[in-house]
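I opened this structure to get my bearings and kept notes along the way. Here they are, in the order I looked things up.

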Amino acid sequence: MHSYVGVMSDHPEEYEVTVVGGGPAGLTAALYTTRLGHDTAVINRGGGRAAMMLDTHNVIGVTEETSGNEFLATGVEQVQSYGADYHQDFVTDIERLEDGRFHLTAGNVEVVSEFVVFATGFSDARPDPPLPRTGKGLHYCLHCDAYMFVDEPVYVMGHGEAAAHVAMIMLNFTPEVDLLLRGDEPTWSEETDTQLRAHPIDVVDDDIESMEKDDDGWLEAFVFEDGTRREYKGGFPMYGSEYNTDLAESIGVELNEDGTIAVDDHGRTNVEKVYAVGDVVPGHNQIPVALGMGAKAGIGIHYDARTFPMSLEDIEARGGLSKEDVPAVSSRLEDIAVHHEGHAGGPRADSDGDGEEEPASADD
Ligand SMILES: Cc1cc2nc3c(=O)[nH]c(=O)nc-3n(C[C@H](O)[C@H](O)[C@H](O)COP(=O)(O)OP(=O)(O)OC[C@H]3O[C@@H](n4cnc5c(N)ncnc54)[C@H](O)[C@@H]3O)c2cc1C
């Protein structure tokens with residue numbers, strides 16, 4: 001495995017690909033670029049949306065009991081095992097160098113990279129307390145957690161268009177839906193108001209004064225300022241998303257109107273060699289979707305960066321091409337691939353280059 005890089009302000013480490021953000025989207029992009037032969041770094045502050053998951057839903061092959069942190073720790077081990085460098089740090093600055101590459105600065109890390117992938121996600125705007133614990137009555141992922149509210153009393157908190165729409169959507173799962181304004185004036189349109197009022201949803205004006213929880217910490221009820229008490233299994237706050245796009249914007253990456261980064265089908269932004277994936281781009285905010293986007297961006301980068309097939313002009317310009325010039329994998333990644341013990345391919349015969357076939361391991 002590649003050694004830890006450490007402080008190197010005089011000699012920034014050089015990579016072909018640097019992924020900013022190590023959630024499911026960023027780690028998958030890095031897994032692909034590394035296994036497709038591109039020297040890759042992941043720089044991740046940690047504590048993103050996936051890290052907030054008490055348990056994991058909707059991911060085939062991953063059991064529900066897997067926490068977000070367990071899921072991510074396995075992902076970090078996977079990318080490192082193929083030779084990617086993982087730095088736990090926060091990228092504060094990015095600039096384009098004269099040679100077209102990017103220079104990125106984080107707390108203890110400084111890198112120069114040909115390609116950059118933004119997988120920086122977003123933060124859910126959090127309502128004022130009193131609030132139950134995330135995952136125990138306070139939920140930020142509709143398509144993950146609506147399932148546990150079938151036939152249960154639920155709340156939706158907020159006063160904008162999204163809150164009104166999610167309240168109506170929750171009627172697909174349960175007849176008991178309250179929309180909690182918490183003392184705010186609704187900002188949804190008249191049309192939405194008419195539509196909402198035609199659905200069997202109670203709109204509660206008063207703010208919450210206190211809450212009751214069971215012995216496991218799960219929400220049981222909110223008590224409102226007018227003294228009424230309403231029981232809930234849980235619900236969804238809808239106060240918007242703060243997209244982490246400052247770095248991308250600083251190098252001219254274009255955003256959509258809703259604040260997400262504008263990308264093509266493979267995550268390419270308007271800035272050459274800059275990609276974006278996961279929750280920071282449009283799409284369903286789900287792990288399988290983030291994994292798919294990461295995979296597509298990793299393959300897109302490989303297509304943009306791959307060496308072979310080489311054009312005839314390029315071959316002639318370099319005076320021909322021989323077997324000594326291939327493969328187009330960095331020597332470090334090539335070495336890791338050849339020695340890759342514990343993986344399906346296993347170490348190659350004669351992986352230590354001593355001219356003798358290696359003995360079969362216990363796994364063979
Ligand atoms: C409470 C909760 C439960 C959920 N449960 C599920 C579920 O069960 N199933 C499901 O499919 N989806 C679930 N989701 C949604 C899922 O977590 C997201 O869709 C997914 O994590 C998106 O992945 P991502 O990699 O784009 O972003 P994130 O997971 O948010 O990761 C982004 C990473 O980028 C890092 N970062 C940001 N800026 C910088 C910077 N400048 N420098 C370095 N690092 C940076 C952050 O620290 C973070 O680690 C849940 C979400 C929440 C909030």
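The entries below go from the whole chain to single residues.

**Ground rules**

I am working with a predicted model, where local features need pLDDT of at least 70, side-chain atom pairs count only at pLDDT 80 or more, and totals for chains, interfaces and linings use all residues. Residues are numbered from 1 along each chain as its sequence is written.

**The whole protein**

I began with the inventory: the protein has 9 helices and 16 strands. Here helices (H or I, at least four residues) and strands (E, at least two) are DSSP runs, numbered from the N terminus. Along its principal axes, the C-alpha trace spans about 80 × 50 × 35 Å.

Next I checked burial. I call a residue buried if 20 or more other C-beta atoms lie within 10 Å of its own, exposed if 12 or fewer, and partly exposed in between, with C-beta atoms placed from the backbone. Of the 364 residues, 32% count as buried.

Then I looked up the domains, whose bounds come from an automatic or database domain assignment. That assignment gives domain 1 (13–123 + 241–305), domain 2 (142–237) and domain 3 (312–359). I noted 34 Å between the C-alpha centres of domain 1 and domain 2.

**Around the ligand**

Which residues are closest to the ligand? I found G21, G23, G48, G121 and G278, in a shell of 40 residues. To be near a molecule or strand, a residue needs its C-beta atom, placed from the backbone, within 6 Å of it. The elements giving two or more residues to this shell are α1 (24–35), β2 (40–44) and α7 (287–305).

I also sorted the shell by class, and got 18 nonpolar, 19 polar and 3 charged residues. In this scheme Ala, Val, Leu, Ile, Met, Phe, Trp, Tyr, Cys and Pro count as nonpolar, Asp, Glu, Lys and Arg as charged, and the others, Gly among them, as polar.

**A closer look at β2**

β2 turned up in the ligand shell, and I went back to it. How many of its residues are buried? I get 5 of 5. In a regular strand the side chains alternate between the two faces of the sheet. For β2, both faces are covered, with T40, V42 and N44 buried on one side and A41 and I43 on the other.

I then traced its partners, taking two strands as paired if DSSP finds at least two bridges between them. Strand β1 (residues 13–20) runs parallel to β2 and is joined to it by 4 bridges. V17 is the residue opposite T40. Going from β1 through α1 to β2, the chain makes a right-handed β-α-β crossover. Right-handed means that, with the strands pointing away from the viewer, the path from the first strand over the helix to the second runs clockwise.

β2 also pairs with strand β3 (residues 85–88), again parallel and over 4 bridges. I43 has H87 as its bridge partner there.

I picked out a parallel open sheet of 4 strands in the order β10-β9-β8-β14. Its edge strands, β10 (202–204) and β14 (234–237), each pair on one side only. Strand β9 (residues 177–180) and β10 share 3 bridges, and L179 stands opposite V203.

The other one is an antiparallel open sheet of 3 strands, ordered β11-β12-β13. β11 (208–213) and β13 (229–231) are its edges. Between β11 and strand β12 (residues 219–224) I found 5 bridges, with S210 partnered by V223.

I flagged two cis peptide bonds. One runs from P129 to P130, with omega near 5°, and P130 sits in the loop between β7 (122–124) and α3 (142–145). Another joins V326 and P327 at an omega of about 0°; P327 is in the loop between α8 (312–317) and α9 (331–338).

Which residue in the loop between β2 and α2 did I mark? N58, a residue other than glycine with a positive phi near 70°. N58 counts as partly exposed because it has 15 C-beta neighbours inside 10 Å.

K273 also has a positive phi near 70°, in the loop between α6 (246–250) and β16 (274–276). K273 is buried, since 20 other C-beta atoms lie within 10 Å.
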